[in-house]
Amino acid sequence: RRGMSRTSLSRRLPLVMAGVAAIAVLIAALVAWPLITSAADTTARSTLSRTADLTAELLSRGPRGGGFGRAEALLAPQQVTAYLVSPLSQVDPPMTSADVALVTRGAEVSDKRTSLSGSSYIEGRPVSEDVGVLLVQPAAVARDVSSPALTRLLLALLLGLTVAAVVGYWLARRITRPLAQAAAAANAMTSGHRDVRIDPEGPSEVADIGIALNRLSEALN
């Protein structure tokens, strides 16, 4: 319809490509985030498991009291709480008396549990007869592990979005510039000019328009 406001293709195309890139970035982030958090969870649990092994070994080699105090000091910076338990020991949630029974009977404990204070990792190892050690670490520490990876992911996605926007703008100019030249040539011929020629450029479909206009101009002369 005449008088209808129209947005030029040179403006639409970069916006469309930027929108597509933004959707792709969002989908990539939604897919990558669970993978990152899952990897962080696995890494945190594996690290605590190795820490429990080393702690049990340390306690089994030295005096029980002194060795445990040293272990507590080493574990504190990692937000790990250690419990040296015997069959009658009482523990705080999320640990249970069943955990105490397992490690004091020579079995291992490895679990992730949720309590009122949040999710926690639990690792338990036997130390000697009727003695075991239980380690508890808040699951929130996994965020510290995933933060660098998440930052790198966001930077990569932002870079991808920027490149997509720049390439979209370049493609829009490459496509719309010869179209604008073709429109100007057609308007010139409509005004009576018969010696109009343009340089066909751009994608083959767009260049064909320029070639057709040049042929039309030759035919009119």
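Reader: Hi! What kind of model is this, and how are residues numbered?

Author: It is a predicted model, where local features need pLDDT of at least 70, side-chain atom pairs count only at pLDDT 80 or more, and totals for chains, interfaces and linings use all residues. Residues are numbered from 1 along each chain as its sequence is written, and side-chain values use heavy atoms, with hydrogens and water left out.

Reader: Great. Which residues have the most contacts inside the largest nonpolar core?

Author: Val127, Val133 and Leu135, in a core of 15 residues. A nonpolar core is a set of buried Ala, Val, Leu, Ile, Met, Phe, Trp, Tyr and Cys residues joined through side-chain atoms within 4.5 Å. Buried means under 20% relative accessible area, exposed over 50%, and partly exposed in between (1.4 Å probe, protein chains only).

Reader: And which element gives the largest share of this core?

Author: Helix 1, with five residues. Helices (H or I, at least four residues) and strands (E, at least two) are DSSP runs, numbered from the N terminus.

Reader: Switching to strand 4: how many of its residues are buried?

Author: Seven of the eight, so strand 4 is largely enclosed by the rest of the structure.

Reader: Nice. How many bridges join strand 3 to strand 4?

Author: Eight, and the two run antiparallel; strands pair if DSSP finds at least two bridges between them. They form a hairpin with two residues between them, and Asp130 in the turn has a positive phi of about 65 degrees.

Reader: What about strand 1 and strand 4?

Author: Five bridges join that antiparallel pair, and Leu84 has Val133 as its bridge partner in strand 4.
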